[in-house]
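Please open the structure in your viewer and display the side chains.

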Amino acid sequence: MKSITNRIVIVCALIAVPSAGIFSTSLQTQANSSQQLVQNRTTQQNQQKWNNNELTTITVKEAWQKSGKNYDSFVRMVQQLVALSVEKRGYQLRPSKEAGKEIGQMIRKQAENDPDQLLYAIVDSSVREYAKKYKL
């Protein structure tokens, strides 16, 4: 579990997206060939969108299991929950690497402290803490 939460911080530090405020797809590429770009677009289109009702009721451990213990799948769950929290609370998070890193570290700390906690509770708490800190 520790390795997945450490990876969240790395991904959060590397990616941000204005539409969700934070957490874009982790499948960005710097590929030079058109074949790789086409494959990447296809992969992105085939990403599973999780049911929000289901995601809001599972623990960190359960989310990891539900992801098939697949890092990219787990990150997509977290991204979706961040977007949900931002939307429901009406926040506008700044789209920057620093914001992603900070929120990712908040999520990681809470997930490590209590992996039996609801994943959405952790994400929502981190989004609220970040928004309060920066008066969003």
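Predicted model: local features only at pLDDT ≥ 70, side-chain atom pairs only at ≥ 80, totals over all residues.

**First stop.** Select Ser 126, which is found in helix 7, residues 119-133. Is this residue buried or exposed? Ser 126 has a relative accessibility of 0%, so it counts as buried, the cut-off for that term being under 20%. Next, display Ile 103, Met 106, Ile 107 and Gln 110: Ser 126 is in contact with these residues, its neighbours within four places in sequence being left aside.

**Salt bridges.** Side chains of opposite charge can pair when their charged atoms come close. The whole structure contains six salt bridges.

Select Lys 66 and Glu 54, whose side chains meet in a salt bridge at 2.7 Å, N to O. Lys 66 belongs to helix 4 (residues 60-66) and Glu 54 to helix 3 (residues 52-55), so this pair ties together parts 12 residues apart in sequence. Lys 66 is partly exposed at 32%, and Glu 54 is partly exposed at 33%.

Move on to Glu 102 and Lys 133, which form a salt bridge of 2.7 Å, N to O. This pair links distant parts of the chain, 31 residues apart: Glu 102 lies in helix 6 (residues 97-113) and Lys 133 in helix 7. Glu 102 counts as buried at 15%, whereas Lys 133 counts as exposed at 52%.

Finally, select Glu 112 and Arg 108, a salt bridge whose closest N and O atoms are 3.4 Å apart. Both residues lie in helix 6, four residues apart, about one turn of the helix.

Note on methods:
Residues numbered from 1 in each chain as written. Heavy atoms only, no water. Helix = DSSP H or I, 4+ residues; strand = E, 2+ residues; numbered from the N terminus. Buried < 20%, exposed > 50% of the residue type's maximum accessible area, 1.4 Å probe, protein only. Contact = heavy atoms within 4.5 Å. Salt bridge = Lys/Arg side-chain N within 4 Å of Asp/Glu carboxyl O.
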